[in-house]
Amino acid sequence: MLKNQTRFLRSAWALGLLLLAGVTGTLRAQSLVEPVETVLSQQQQHYLSVIMAEPQYVDHILVDLNFEALEFTGLFLELPGDAPNVNISRSYLDKSMTTHWGYSGHVDGFPQYTFDAVRRGENMRAILRLGNDLYGIHPIGDGMHVMTHENPANFPPDHDPDEWDRVKDNVYTSNNEP
């Protein structure tokens, strides 16, 4: 009889710890993204094509988002390609507005590698700075998101400096400003 009571108390204690982990999120990181394979609608395919047409995008995966993970102090991110998966520790969560809110954190053990996200309804945009690489989360419609791997070395130039000087000169002379 005493043995059964001891087992029950240990089980209740373990269940209490699990519930505490669910409330505080401090015992393990929650996965934010779940890779999915799905057929995209024509509109989703169009948005994905527009994103991936830019030269800086190296790879991507389609993902469902677990927004509840943002409530926890830790996040787990599965990244596209050969990148290591990472754990993120939350440093800031702003839920002051009911329609959208922001999240900031850093990669565990590497405070210089940051993760920032903005959620608006069922859409989220996020950027993970991981060394020389960037990873982004972009909405592509109907709750579907794409996680991208970006190479900053492939970003297109902002503008041709000579072109900017001509535009600037035309603006200033047309407005009669010095």
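I began with Phe110, which counts as partly exposed because its relative accessibility is 41% (buried means under 20% relative accessible area, exposed over 50% and partly exposed in between, with a 1.4 Å probe and protein chains only). The model is predicted, so I kept in mind that local features need pLDDT of at least 70 and side-chain atom pairs pLDDT 80 or more, while totals for chains, interfaces and linings use all residues. Residues are numbered from 1 along each chain as its sequence is written, and side-chain values use heavy atoms, with hydrogens and water left out.

I then looked up ring pairs, taking rings of Phe, Tyr and Trp (its six-membered ring) as paired if their centres lie within 6.5 Å, with planes under 30 degrees apart as stacked, over 60 as edge-to-face and the rest as tilted. I noted two aromatic pairs by this rule. Tyr103 and Phe115 form an edge-to-face pair, because their ring centres are 5.9 Å apart and their planes stand at 70 degrees. This pair links strand E6 (residues 100-107), which holds Tyr103, to strand E7 (residues 110-120), which holds Phe115; strands are DSSP runs of E, at least two residues, numbered from the N terminus. Tyr103 is buried at 1% relative accessibility, and Phe115 is buried with a relative accessible area of 1%.

Phe110 and Tyr113 are stacked, because their centres are 5.4 Å apart and their planes at 20 degrees. Tyr113 is partly exposed at 23% relative accessibility.

Last, I looked up charges over rings (NZ of Lys or CZ of Arg within 6 Å of the ring centre and within 35 degrees of the ring normal). I found Arg119 over the face of Phe67, 3.8 Å from the ring centre, and the charged end of Lys95 over the ring of Trp101, 5.7 Å from its centre.

Terms used
Helices (H or I, at least four residues) and strands (E, at least two) are DSSP runs, numbered from the N terminus.
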